[in-house]
Amino acid sequence: MNIFKTSLFLFLFLASSIALASEKPNIVLVFLDNFGWGEPGFNGGGIIRGAATPSLDQIASEGLRLTNFNVEVQCTPSRSAIMTGRYAIRSGNGTVPLGEGVYGLVQWEVTMAEMLSEAGYATGMYGKWHLGRTEGRFPTDQGFDEWYGVPNSTDESVYSSLPEFVASGLSETFVMDGKKGSTPKKVRPYRLDYRPLIDRDLTDRAIDFMSRQAKADNPFFVYLPYTATHFPTMPHPDFTGKSGKGPWGDLLMQIDSYVGELLGTIDELGIAENTIFIFTADNGPEALSVGETSLTVETAMHGSAGPWRSTLFTGYEGALRVPFAIRWPGKIEAGRVSDEIVHEMDLFPTIARIAGGKIPEDRIIDGIDTSEFLFGQKVVSGRDGFIVYMGNDVFGVKWKDWKLHFKEQTGWNGELREYTMPRAYNLINDPQERDNVLFPHTWVPKAALPQLEEHIASLKKYPPVPTGTLDPYEPPY
(Lines give C-alpha, C1' and ligand atoms only; values in the text may rest on other atoms or scores of the structure.)
Protein backbone atom coordinates (compact mmCIF):
# COMPACT_ATOMS: atom_id res chain seq x y z
CA MET A 1 0.00 0.00 0.00
CA ASN A 2 2.80 2.41 0.90
CA ILE A 3 4.57 1.54 -2.35
CA PHE A 4 1.34 2.23 -4.23
CA LYS A 5 0.90 5.63 -2.53
CA THR A 6 4.52 6.53 -3.23
CA SER A 7 4.19 5.53 -6.88
CA LEU A 8 0.94 7.48 -7.19
CA PHE A 9 2.57 10.54 -5.63
CA LEU A 10 5.52 10.34 -8.01
CA PHE A 11 3.21 9.90 -10.98
CA LEU A 12 1.11 12.92 -10.00
CA PHE A 13 4.24 14.98 -9.31
CA LEU A 14 5.74 14.13 -12.70
CA ALA A 15 2.45 14.73 -14.47
CA SER A 16 2.16 18.10 -12.75
CA SER A 17 5.74 19.01 -13.71
CA ILE A 18 5.12 18.04 -17.34
CA ALA A 19 1.91 20.08 -17.37
CA LEU A 20 3.72 23.13 -15.96
CA ALA A 21 6.52 22.74 -18.50
CA SER A 22 4.09 22.53 -21.36
CA GLU A 23 2.35 25.69 -20.12
CA LYS A 24 5.48 27.77 -20.44
CA PRO A 25 4.79 30.04 -23.39
CA ASN A 26 7.16 30.19 -26.31
CA ILE A 27 8.59 33.68 -26.84
CA VAL A 28 9.52 35.27 -30.16
CA LEU A 29 11.15 38.70 -29.96
CA VAL A 30 11.62 40.48 -33.30
CA PHE A 31 13.95 43.45 -32.87
CA LEU A 32 14.39 45.77 -35.84
CA ASP A 33 17.48 47.95 -36.29
CA ASN A 34 16.95 51.74 -36.51
CA PHE A 35 13.24 51.35 -37.27
CA GLY A 36 11.19 54.46 -36.49
CA TRP A 37 7.86 54.73 -34.72
CA GLY A 38 6.14 55.90 -37.90
CA GLU A 39 7.10 53.01 -40.19
CA PRO A 40 4.47 50.26 -39.64
CA GLY A 41 0.89 50.61 -40.75
CA PHE A 42 -0.36 50.12 -37.19
CA ASN A 43 1.25 53.48 -36.31
CA GLY A 44 -0.03 55.28 -39.38
CA GLY A 45 2.86 54.35 -41.69
CA GLY A 46 2.71 51.41 -44.07
CA ILE A 47 1.47 52.61 -47.43
CA ILE A 48 2.57 56.21 -46.88
CA ARG A 49 6.08 54.81 -46.32
CA GLY A 50 5.99 52.81 -49.53
CA ALA A 51 4.25 49.52 -48.70
CA ALA A 52 1.38 48.16 -46.66
CA THR A 53 2.33 46.07 -43.61
CA PRO A 54 -0.51 43.57 -43.13
CA SER A 55 1.54 41.11 -41.06
CA LEU A 56 2.79 43.76 -38.65
CA ASP A 57 -0.72 45.17 -38.43
CA GLN A 58 -2.02 41.68 -37.66
CA ILE A 59 0.12 41.48 -34.53
CA ALA A 60 -1.34 44.76 -33.32
CA SER A 61 -4.94 43.88 -34.23
CA GLU A 62 -4.67 40.49 -32.53
CA GLY A 63 -2.84 41.82 -29.51
CA LEU A 64 -1.73 44.97 -27.68
CA ARG A 65 -0.15 48.02 -29.29
CA LEU A 66 1.89 50.37 -27.12
CA THR A 67 2.30 53.90 -28.45
CA ASN A 68 4.69 54.91 -25.65
CA PHE A 69 7.22 52.06 -25.65
CA ASN A 70 10.69 53.46 -25.03
CA VAL A 71 14.28 52.31 -25.56
CA GLU A 72 17.82 53.59 -25.22
CA VAL A 73 18.87 55.66 -28.22
CA GLN A 74 21.92 53.79 -29.58
CA CYS A 75 22.28 50.23 -30.81
CA THR A 76 24.61 48.79 -28.16
CA PRO A 77 22.99 50.37 -25.07
CA SER A 78 19.53 49.42 -26.33
CA ARG A 79 20.57 45.79 -26.74
CA SER A 80 22.20 45.78 -23.33
CA ALA A 81 19.07 47.19 -21.70
CA ILE A 82 16.64 44.74 -23.28
CA MET A 83 18.87 41.76 -22.52
CA THR A 84 19.64 42.65 -18.86
CA GLY A 85 16.67 44.72 -17.67
CA ARG A 86 19.15 47.42 -16.61
CA TYR A 87 20.20 50.84 -17.81
CA ALA A 88 23.13 50.27 -20.16
CA ILE A 89 25.28 52.60 -18.06
CA ARG A 90 25.30 49.87 -15.41
CA SER A 91 26.77 47.21 -17.72
CA GLY A 92 29.43 49.52 -19.17
CA ASN A 93 27.72 49.56 -22.57
CA GLY A 94 26.33 53.07 -22.65
CA THR A 95 27.77 53.89 -26.07
CA VAL A 96 28.31 52.22 -29.42
CA PRO A 97 31.94 50.97 -29.52
CA LEU A 98 34.07 52.68 -32.13
CA GLY A 99 37.49 51.20 -31.43
CA GLU A 100 38.88 47.69 -31.72
CA GLY A 101 39.21 46.96 -27.99
CA VAL A 102 37.17 44.66 -25.75
CA TYR A 103 33.58 45.70 -25.11
CA GLY A 104 30.27 44.04 -24.37
CA LEU A 105 28.69 42.21 -21.47
CA VAL A 106 30.86 40.72 -18.76
CA GLN A 107 29.98 37.16 -17.73
CA TRP A 108 28.59 38.48 -14.44
CA GLU A 109 25.66 40.09 -16.24
CA VAL A 110 22.57 37.89 -16.55
CA THR A 111 20.81 38.08 -19.91
CA MET A 112 17.23 37.30 -20.81
CA ALA A 113 18.54 34.22 -22.61
CA GLU A 114 20.37 32.99 -19.51
CA MET A 115 17.31 33.58 -17.36
CA LEU A 116 15.08 31.66 -19.77
CA SER A 117 17.63 28.91 -20.31
CA GLU A 118 17.70 28.28 -16.57
CA ALA A 119 13.89 28.18 -16.66
CA GLY A 120 14.00 25.30 -19.15
CA TYR A 121 13.85 27.13 -22.47
CA ALA A 122 15.69 26.36 -25.68
CA THR A 123 17.22 29.64 -26.80
CA GLY A 124 18.16 30.73 -30.31
CA MET A 125 19.41 34.04 -31.63
CA TYR A 126 19.61 35.05 -35.28
CA GLY A 127 20.99 38.44 -36.20
CA LYS A 128 22.97 41.38 -34.90
CA TRP A 129 24.48 41.09 -31.40
CA HIS A 130 26.54 44.27 -30.82
CA LEU A 131 27.34 43.27 -27.23
CA GLY A 132 30.79 41.79 -27.74
CA ARG A 133 33.00 40.44 -30.50
CA THR A 134 35.78 38.71 -28.55
CA GLU A 135 36.16 35.38 -26.79
CA GLY A 136 33.66 35.02 -23.97
CA ARG A 137 31.46 37.86 -25.24
CA PHE A 138 29.41 36.16 -27.95
CA PRO A 139 25.66 35.31 -27.63
CA THR A 140 26.49 31.64 -27.03
CA ASP A 141 28.51 32.77 -23.99
CA GLN A 142 25.45 34.62 -22.68
CA GLY A 143 22.70 32.01 -22.60
CA PHE A 144 21.90 31.27 -26.23
CA ASP A 145 22.05 27.64 -27.38
CA GLU A 146 22.77 28.73 -30.94
CA TRP A 147 23.49 31.89 -32.87
CA TYR A 148 23.89 32.88 -36.50
CA GLY A 149 24.58 36.48 -37.37
CA VAL A 150 27.00 39.36 -37.06
CA PRO A 151 28.77 40.53 -33.90
CA ASN A 152 28.67 44.22 -34.77
CA SER A 153 26.87 46.65 -37.03
CA THR A 154 25.78 46.53 -40.66
CA ASP A 155 27.68 49.64 -41.74
CA GLU A 156 30.74 47.38 -41.56
CA SER A 157 29.45 45.58 -44.65
CA VAL A 158 30.07 48.77 -46.60
CA TYR A 159 33.59 49.87 -45.80
CA SER A 160 35.15 46.42 -46.14
CA SER A 161 34.94 46.87 -49.93
CA LEU A 162 36.71 50.24 -49.98
CA PRO A 163 40.37 50.32 -51.06
CA GLU A 164 41.27 52.60 -48.15
CA PHE A 165 40.00 50.00 -45.69
CA VAL A 166 41.94 47.20 -47.38
CA ALA A 167 45.12 49.23 -46.91
CA SER A 168 44.35 49.84 -43.20
CA GLY A 169 45.30 46.34 -42.12
CA LEU A 170 42.16 46.06 -39.96
CA SER A 171 40.22 42.81 -39.96
CA GLU A 172 36.80 42.83 -41.58
CA THR A 173 33.56 41.66 -40.00
CA PHE A 174 32.47 38.06 -40.45
CA VAL A 175 29.10 36.37 -40.30
CA MET A 176 29.35 33.82 -37.51
CA ASP A 177 27.69 30.55 -36.55
CA GLY A 178 27.94 29.15 -33.06
CA LYS A 179 26.63 26.68 -30.51
CA LYS A 180 26.73 26.97 -26.74
CA GLY A 181 29.96 25.56 -25.34
CA SER A 182 32.11 26.24 -28.39
CA THR A 183 33.66 29.27 -30.08
CA PRO A 184 31.54 30.61 -32.96
CA LYS A 185 32.99 29.98 -36.39
CA LYS A 186 33.51 32.55 -39.11
CA VAL A 187 31.17 31.60 -41.97
CA ARG A 188 31.79 34.31 -44.54
CA PRO A 189 32.86 37.97 -44.71
CA TYR A 190 30.02 40.41 -44.14
CA ARG A 191 30.28 42.42 -47.35
CA LEU A 192 27.85 44.22 -49.62
CA ASP A 193 27.14 41.05 -51.60
CA TYR A 194 25.61 39.45 -48.50
CA ARG A 195 24.02 42.53 -46.98
CA PRO A 196 20.72 42.15 -48.95
CA LEU A 197 20.60 38.40 -48.28
CA ILE A 198 21.30 38.04 -44.58
CA ASP A 199 17.80 38.71 -43.20
CA ARG A 200 16.41 35.96 -45.45
CA ASP A 201 18.85 33.51 -43.87
CA LEU A 202 18.06 34.77 -40.36
CA THR A 203 14.36 34.15 -40.98
CA ASP A 204 14.96 30.64 -42.33
CA ARG A 205 17.08 29.72 -39.33
CA ALA A 206 14.54 31.10 -36.87
CA ILE A 207 11.77 29.10 -38.56
CA ASP A 208 13.90 25.96 -38.47
CA PHE A 209 14.64 26.48 -34.78
CA MET A 210 10.96 26.97 -33.90
CA SER A 211 10.00 23.87 -35.87
CA ARG A 212 12.65 21.71 -34.19
CA GLN A 213 11.72 22.85 -30.70
CA ALA A 214 7.97 22.56 -31.26
CA LYS A 215 8.35 18.99 -32.51
CA ALA A 216 10.47 18.19 -29.44
CA ASP A 217 7.84 19.87 -27.24
CA ASN A 218 10.43 22.26 -25.82
CA PRO A 219 9.45 25.79 -24.78
CA PHE A 220 11.62 28.14 -26.81
CA PHE A 221 12.89 31.70 -26.94
CA VAL A 222 13.74 33.17 -30.34
CA TYR A 223 15.57 36.50 -30.38
CA LEU A 224 15.55 37.83 -33.94
CA PRO A 225 17.45 41.14 -34.17
CA TYR A 226 17.23 41.78 -37.90
CA THR A 227 19.80 43.92 -39.72
CA ALA A 228 16.98 45.90 -41.38
CA THR A 229 16.61 48.84 -41.55
CA HIS A 230 20.19 49.87 -40.78
CA PHE A 231 22.21 51.61 -43.51
CA PRO A 232 22.74 50.60 -46.30
CA THR A 233 19.16 50.14 -47.48
CA MET A 234 19.44 47.10 -49.72
CA PRO A 235 16.37 44.84 -50.00
CA HIS A 236 16.65 41.19 -50.98
CA PRO A 237 16.55 40.57 -54.76
CA ASP A 238 13.12 38.95 -54.30
CA PHE A 239 11.79 42.35 -53.21
CA THR A 240 13.85 44.73 -55.32
CA GLY A 241 11.42 46.87 -57.31
CA LYS A 242 8.42 45.00 -55.93
CA SER A 243 6.78 47.94 -54.14
CA GLY A 244 7.19 50.34 -57.03
CA LYS A 245 8.11 52.95 -54.45
CA GLY A 246 11.87 52.51 -54.30
CA PRO A 247 14.24 50.64 -51.96
CA TRP A 248 12.52 51.74 -48.75
CA GLY A 249 9.11 50.49 -49.84
CA ASP A 250 10.74 47.26 -51.03
CA LEU A 251 12.46 46.78 -47.68
CA LEU A 252 9.23 47.46 -45.78
CA MET A 253 7.52 44.78 -47.87
CA GLN A 254 10.40 42.42 -47.08
CA ILE A 255 10.18 43.00 -43.34
CA ASP A 256 6.43 42.45 -43.35
CA SER A 257 6.74 39.33 -45.48
CA TYR A 258 9.35 37.75 -43.22
CA VAL A 259 7.28 38.50 -40.12
CA GLY A 260 4.31 36.95 -41.91
CA GLU A 261 6.33 33.79 -42.47
CA LEU A 262 7.13 33.62 -38.76
CA LEU A 263 3.47 34.04 -37.83
CA GLY A 264 2.45 31.47 -40.44
CA THR A 265 4.95 28.95 -39.08
CA ILE A 266 3.61 29.41 -35.56
CA ASP A 267 0.09 28.78 -36.84
CA GLU A 268 1.16 25.72 -38.85
CA LEU A 269 2.91 24.24 -35.82
CA GLY A 270 -0.29 24.67 -33.81
CA ILE A 271 1.41 26.69 -31.08
CA ALA A 272 -0.11 30.15 -31.61
CA GLU A 273 -2.09 30.10 -28.37
CA ASN A 274 1.04 29.26 -26.42
CA THR A 275 3.38 31.72 -28.10
CA ILE A 276 4.10 35.32 -27.16
CA PHE A 277 5.07 37.27 -30.26
CA ILE A 278 6.70 40.69 -29.81
CA PHE A 279 7.60 43.14 -32.56
CA THR A 280 9.68 46.20 -31.71
CA ALA A 281 12.98 47.98 -32.49
CA ASP A 282 16.21 49.07 -30.87
CA ASN A 283 15.91 52.84 -31.37
CA GLY A 284 14.52 55.54 -33.62
CA PRO A 285 15.25 56.02 -37.31
CA GLU A 286 18.26 57.10 -39.29
CA ALA A 287 17.86 60.46 -41.01
CA LEU A 288 20.06 63.38 -41.92
CA SER A 289 19.54 66.93 -40.73
CA VAL A 290 17.51 69.17 -43.03
CA GLY A 291 19.50 70.61 -45.90
CA GLU A 292 22.37 68.14 -45.85
CA THR A 293 23.53 66.18 -48.89
CA SER A 294 24.52 62.53 -48.71
CA LEU A 295 26.43 60.55 -51.31
CA THR A 296 26.43 56.96 -50.10
CA VAL A 297 26.23 53.40 -51.35
CA GLU A 298 22.54 54.12 -51.85
CA THR A 299 20.79 57.48 -51.79
CA ALA A 300 20.14 58.38 -48.16
CA MET A 301 16.93 56.89 -46.81
CA HIS A 302 15.19 58.99 -44.18
CA GLY A 303 13.34 56.90 -41.63
CA SER A 304 10.12 58.10 -40.04
CA ALA A 305 9.54 58.76 -36.34
CA GLY A 306 5.90 59.63 -37.01
CA PRO A 307 4.80 62.72 -35.03
CA TRP A 308 7.91 62.65 -32.85
CA ARG A 309 11.03 64.75 -33.27
CA SER A 310 14.42 63.73 -34.59
CA THR A 311 16.43 60.52 -34.94
CA LEU A 312 18.49 57.96 -33.07
CA PHE A 313 21.43 59.33 -31.00
CA THR A 314 19.28 62.10 -29.48
CA GLY A 315 17.15 62.50 -26.37
CA TYR A 316 14.01 63.36 -28.31
CA GLU A 317 10.93 61.18 -28.54
CA GLY A 318 11.84 60.22 -32.09
CA ALA A 319 14.83 58.35 -30.69
CA LEU A 320 13.10 56.94 -27.62
CA ARG A 321 9.71 55.79 -28.89
CA VAL A 322 9.67 52.81 -31.22
CA PRO A 323 6.90 50.58 -32.62
CA PHE A 324 5.69 47.91 -30.23
CA ALA A 325 3.04 45.22 -30.62
CA ILE A 326 2.64 42.03 -28.61
CA ARG A 327 0.33 39.10 -29.32
CA TRP A 328 -0.62 36.19 -27.06
CA PRO A 329 -4.03 34.80 -28.12
CA GLY A 330 -6.38 34.24 -25.22
CA LYS A 331 -4.07 35.96 -22.73
CA ILE A 332 -3.61 39.47 -24.13
CA GLU A 333 -6.73 41.27 -25.27
CA ALA A 334 -6.94 41.73 -29.04
CA GLY A 335 -7.04 45.22 -30.46
CA ARG A 336 -6.11 47.04 -27.26
CA VAL A 337 -4.04 50.23 -27.50
CA SER A 338 -2.30 52.03 -24.63
CA ASP A 339 -0.18 55.16 -24.28
CA GLU A 340 1.16 54.09 -20.88
CA ILE A 341 4.93 54.47 -20.52
CA VAL A 342 6.79 51.17 -20.83
CA HIS A 343 10.54 50.76 -21.24
CA GLU A 344 12.42 47.96 -22.95
CA MET A 345 14.07 47.18 -19.59
CA ASP A 346 10.63 46.09 -18.35
CA LEU A 347 10.59 43.09 -20.67
CA PHE A 348 13.20 41.23 -18.59
CA PRO A 349 11.23 41.07 -15.30
CA THR A 350 7.92 40.79 -17.15
CA ILE A 351 9.01 37.78 -19.18
CA ALA A 352 10.67 36.28 -16.11
CA ARG A 353 7.36 36.47 -14.25
CA ILE A 354 5.44 34.88 -17.13
CA ALA A 355 8.01 32.15 -17.87
CA GLY A 356 8.87 31.28 -14.28
CA GLY A 357 12.38 32.68 -14.57
CA LYS A 358 14.55 33.92 -11.76
CA ILE A 359 15.41 37.61 -11.48
CA PRO A 360 18.89 38.28 -10.03
CA GLU A 361 18.72 39.72 -6.52
CA ASP A 362 22.37 40.76 -6.19
CA ARG A 363 22.14 43.83 -8.45
CA ILE A 364 19.89 46.68 -9.47
CA ILE A 365 17.21 45.68 -11.97
CA ASP A 366 15.72 48.86 -13.41
CA GLY A 367 12.90 47.15 -15.28
CA ILE A 368 9.55 46.55 -13.63
CA ASP A 369 7.11 43.67 -13.99
CA THR A 370 4.32 44.88 -16.30
CA SER A 371 2.60 41.51 -16.76
CA GLU A 372 -0.65 42.54 -15.03
CA PHE A 373 -0.81 45.60 -17.27
CA LEU A 374 -0.21 43.51 -20.40
CA PHE A 375 -2.94 41.08 -19.36
CA GLY A 376 -5.40 43.95 -18.82
CA GLN A 377 -5.63 43.35 -15.07
CA LYS A 378 -4.36 46.90 -14.56
CA VAL A 379 -4.85 49.94 -16.78
CA VAL A 380 -1.56 51.52 -15.69
CA SER A 381 1.89 50.13 -16.48
CA GLY A 382 3.39 51.03 -13.13
CA ARG A 383 6.04 53.26 -14.71
CA ASP A 384 5.78 57.06 -14.57
CA GLY A 385 9.04 57.77 -16.33
CA PHE A 386 12.74 57.04 -16.75
CA ILE A 387 16.16 58.62 -17.20
CA VAL A 388 17.00 59.68 -20.75
CA TYR A 389 20.57 58.76 -21.65
CA MET A 390 22.48 59.56 -24.80
CA GLY A 391 25.61 57.51 -24.50
CA ASN A 392 26.92 57.82 -20.94
CA ASP A 393 25.43 61.28 -20.48
CA VAL A 394 22.10 62.07 -18.89
CA PHE A 395 20.27 64.18 -21.47
CA GLY A 396 17.01 64.44 -19.59
CA VAL A 397 14.17 62.90 -17.66
CA LYS A 398 10.80 61.73 -18.92
CA TRP A 399 7.89 61.90 -16.50
CA LYS A 400 4.30 61.20 -17.50
CA ASP A 401 3.43 63.64 -20.33
CA TRP A 402 6.49 65.78 -19.67
CA LYS A 403 10.16 65.87 -20.69
CA LEU A 404 13.03 67.76 -19.09
CA HIS A 405 16.10 68.29 -21.27
CA PHE A 406 19.50 69.20 -19.82
CA LYS A 407 21.20 68.63 -23.17
CA GLU A 408 19.87 68.46 -26.70
CA GLN A 409 21.43 67.12 -29.87
CA THR A 410 19.71 68.24 -33.04
CA GLY A 411 20.26 64.94 -34.86
CA TRP A 412 22.44 61.87 -34.79
CA ASN A 413 25.24 63.92 -36.37
CA GLY A 414 24.01 67.31 -35.22
CA GLU A 415 24.87 70.12 -32.88
CA LEU A 416 25.05 69.47 -29.11
CA ARG A 417 23.60 72.10 -26.79
CA GLU A 418 23.86 72.20 -23.00
CA TYR A 419 21.60 74.34 -20.86
CA THR A 420 22.10 76.12 -17.54
CA MET A 421 18.44 75.48 -16.77
CA PRO A 422 16.46 72.49 -18.02
CA ARG A 423 14.01 72.85 -20.85
CA ALA A 424 10.52 71.54 -20.20
CA TYR A 425 8.20 70.19 -22.88
CA ASN A 426 4.62 68.99 -22.67
CA LEU A 427 4.48 66.00 -25.02
CA ILE A 428 0.73 66.18 -25.53
CA ASN A 429 0.69 69.84 -26.55
CA ASP A 430 4.12 69.76 -28.17
CA PRO A 431 5.13 66.34 -29.56
CA GLN A 432 7.97 67.98 -31.50
CA GLU A 433 9.55 69.25 -28.25
CA ARG A 434 10.09 72.78 -29.55
CA ASP A 435 8.21 74.98 -27.04
CA ASN A 436 10.06 75.28 -23.73
CA VAL A 437 7.42 75.93 -21.05
CA LEU A 438 9.61 75.77 -17.94
CA PHE A 439 7.90 79.02 -16.97
CA PRO A 440 5.28 78.86 -15.57
CA HIS A 441 5.65 75.06 -15.18
CA THR A 442 8.53 75.16 -12.70
CA TRP A 443 6.63 72.52 -10.74
CA VAL A 444 7.56 69.92 -13.35
CA PRO A 445 11.20 69.53 -12.20
CA LYS A 446 9.97 69.09 -8.64
CA ALA A 447 7.80 66.19 -9.79
CA ALA A 448 10.18 64.69 -12.35
CA LEU A 449 13.62 64.93 -10.75
CA PRO A 450 13.24 62.65 -7.69
CA GLN A 451 13.63 59.63 -10.00
CA LEU A 452 16.94 61.06 -11.26
CA GLU A 453 18.16 61.69 -7.72
CA GLU A 454 17.29 58.09 -6.81
CA HIS A 455 19.05 56.82 -9.93
CA ILE A 456 22.24 58.78 -9.24
CA ALA A 457 22.26 57.53 -5.65
CA SER A 458 21.98 53.94 -6.90
CA LEU A 459 24.98 54.44 -9.21
CA LYS A 460 27.05 55.60 -6.24
CA LYS A 461 25.93 52.68 -4.08
CA TYR A 462 26.28 50.11 -6.89
CA PRO A 463 29.02 51.38 -9.23
CA PRO A 464 28.63 50.51 -12.93
CA VAL A 465 30.84 47.97 -14.65
CA PRO A 466 33.68 50.01 -16.20
CA THR A 467 33.62 49.98 -20.00
CA GLY A 468 36.08 47.45 -21.39
CA THR A 469 36.28 45.43 -18.17
CA LEU A 470 37.76 41.97 -18.68
CA ASP A 471 36.36 38.75 -17.23
CA PRO A 472 36.19 37.57 -14.54
CA TYR A 473 34.39 40.53 -13.03
CA GLU A 474 33.30 40.81 -9.41
CA PRO A 475 31.26 43.84 -8.31
CA PRO A 476 32.88 46.07 -5.66
CA TYR A 477 29.81 45.88 -3.41
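Colleague: Happy to look at helix H8 with you; which of its residues are buried?
Modeller: This is a predicted model, where local features need pLDDT of at least 70, side-chain atom pairs count only at pLDDT 80 or more, and totals for chains, interfaces and linings use all residues. Residues are numbered from 1 along each chain as its sequence is written, and side-chain values use heavy atoms, leaving out hydrogens and water. Buried means under 20% relative accessible area, exposed over 50%, and partly exposed in between (1.4 Å probe, protein chains only). The buried residues of H8 are Ile198, Asp199, Arg200, Leu202, Thr203, Ala206, Ile207, Phe209, Met210, Ser211 and Gln213.

Colleague: Against which elements do the buried residues of H8 pack?
Modeller: Helices (H or I, at least four residues) and strands (E, at least two) are DSSP runs, numbered from the N terminus, and contact means heavy atoms within 4.5 Å. The buried residues of H8 pack against strands E1 (26-32), E4 (122-128), E5 (146-150) and E8 (220-224), and against helix H9 (247-268).

Colleague: How far apart are the end C-alpha atoms of H8?
Modeller: The expected span of a helix is 1.5 Å times one less than its number of residues. With 18 residues, H8 should span 26 Å, and the model agrees, because its end C-alpha atoms are apart by 26 Å.

Colleague: With which residue does Arg205 form a salt bridge?
Modeller: A salt bridge is a side-chain nitrogen of Lys or Arg within 4 Å of a carboxyl oxygen of Asp or Glu. The closest N and O atoms are 3.6 Å apart, and the partner is Asp177.

Colleague: Why does the salt bridge of Arg86 and Glu109 tie together separate parts of the chain?
Modeller: The side chains of Arg86 and Glu109 meet in a salt bridge of 3.1 Å, N to O. Arg86 lies in the loop between H3 (75-84) and H4 (88-91), and Glu109 in the loop between H4 and H5 (112-118), so the parts tied together are apart in sequence by 23 residues.
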